[in-house]
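Thanks for coming. I will take a few minutes on one structure, going from the fold as a whole to some local details.

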Amino acid sequence: MRKSAKMRLWLMATLLFLATAGQVANAGDLVLVAGATGRTGQQIVRELNAAGYRVRALVRDPVKARAVLGDTVEYASGDVRQRPTLDVALQGVRYAISAIGATRKDPANKPEFVDFQGVRNLADAAAAAKIAQLVIVSSSGVTHKDHMLNKVFDNVLLWKAQGEAAVRASGVPYTILRPGGLTDKPGGQNGVRLEQGDRGTGFIPRADVARVCVAALKSLPARNRTFELYGAQPPPVTDWDALFGKLAADEPQS
Ligand SMILES: NC(=O)c1ccc[n+]([C@@H]2O[C@H](COP(=O)([O-])OP(=O)(O)OC[C@H]3O[C@@H](n4cnc5c(N)ncnc54)[C@H](OP(=O)(O)O)[C@@H]3O)[C@@H](O)[C@H]2O)c1
């Protein structure tokens, strides 16, 4: 390739990087939600709709999904185990949130295939589509090899840790949330506690996990951070930049 053509390519890539690097989401933006039919995913859809975003739900079974989500979203048929379906689902999308999780008692949809390979597929597809941010719901405890959940559910936390690593290595701007035990209590009533180092324990309502996912789309200090997430005493958070701003950035991946 001629030197001037190489220079033009380099300039275009740099401009694209600069155009997306400092960008945060705004009402009206289209957000892809993977796991939208799930218990946390439904809360994420609700939160996005309330904040004025357009939502595209990545769903395995559109008929079942429509019964759950109705006309509040547009639908993309897909499965995180099948990369080509993700490339299609990400067309025209700037932001994506994933709250997928493996299915107990379905060997074809076990943690290795969903929480590791599926998350890796999504991150690679998001990087290829050059989206501005991918938010991933992981779990606290992922660095604890002997955690009881690994024994009872196919090493789920170990596979989630590998999924996280794949996100960090993909090159897509990301935010990785590691919530504690999820509850179905109402959200928006209490504070949240963010930690790093995977040493804590606690619980948090799915609705508050959803609030943090959506808040992260609007906050540059949330980018390229991995953190644990627990419920805390009231009041609910209002200054998300200040909260995310206390987090250390992840080590850049080589
Ligand atoms: N339970 C806890 O206390 C806890 C604690 C910390 C973190 N977490 C994690 O938090 C996340 C959300 O949990 P949750 O309880 O809200 O999950 P959930 O209700 O079980 O929902 C899981 C979602 O993942 C989707 N999904 C599964 N396999 C898929 C595939 N191959 N391709 C595309 N989508 C797929 C499901 O879609 P279908 O409707 O098609 O099945 C569903 O929408 C999970 O990753 C979970 O491991 C859970």
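**Overall fold, then details**

Let me begin with contacts, meaning heavy atoms within 4.5 Å. Among contacts in the protein between residues at least 6 apart in sequence, 71% join residues at least 24 apart.

Before going on, the conditions. This is a predicted model, where local features need pLDDT of at least 70, side-chain atom pairs count only at pLDDT 80 or more, and totals for chains, interfaces and linings use all residues. Numbering runs from 1 along each chain as its sequence is written, and side-chain values use heavy atoms, with hydrogens and water left out.

The secondary structure comes to 9 helices and 10 strands. These are DSSP runs, H or I of at least four residues for helices and E of at least two for strands, numbered from the N terminus. The radius of gyration is 18 Å, close to the 18 Å that the globule rule gives for 254 residues, so the protein is as compact as a globular protein of that length. That radius is taken over C-alpha atoms, and the rule is 2.2 Å times the number of residues to the power 0.38. Along the principal axes, the C-alpha trace spans about 60 × 40 × 40 Å.

The accessible surface of the protein is about 12700 Å², and 55% of it belongs to carbon and sulfur atoms. Areas come from the Shrake-Rupley method with a 1.4 Å probe; for residues, only the protein chains shown count as cover. Of the 254 residues, 46% are buried. Buried is under 20% relative accessible area, exposed is over 50%, and partly exposed is in between (1.4 Å probe, protein chains only).

Charges next: there are 33 positive and 23 negative side chains, and the centres of the two sets lie 4 Å apart. Lys and Arg count as positive, Asp and Glu as negative, while His and the chain ends are not counted. Each charge is placed at NZ of Lys, CZ of Arg, CG of Asp or CD of Glu.

Now the aromatics. How many aromatic pairs does a search of the whole structure find? The search gives 3. A pair here is two rings of Phe, Tyr or Trp (its six-membered ring) with centres within 6.5 Å; planes under 30 degrees apart are stacked, over 60 edge-to-face, and the rest tilted.

F116 and W159 are a stacked pair, at 5.7 Å centre to centre with 20° between the planes. F116 is in helix α5 (residues 111-128) and W159 in helix α7 (residues 156-170), so this pair ties together parts 43 residues apart in sequence. F116 is buried, at 12% relative accessible area.

F227 and F244 have ring centres 5.9 Å apart and planes at 50°, so that pair is tilted. Here strand β10 (residues 225-232) holds F227 and helix α9 (residues 240-245) holds F244, so the parts tied together are 17 residues apart in sequence. F227 is buried at 0% relative accessibility, and F244 is likewise buried at 0%. F227, W240 and F244 form one aromatic cluster.

Last, the backbone. The peptide bond from P234 to P235 is cis, with omega near 5°, and P235 sits in the loop between β10 and α9.

K130 is partly exposed, with a relative accessible area of 46%. D198, also not a glycine, has a positive phi near 55°. D198 lies in the loop between β8 (191-195) and β9 (203-205) and is buried, at 2% relative accessible area.
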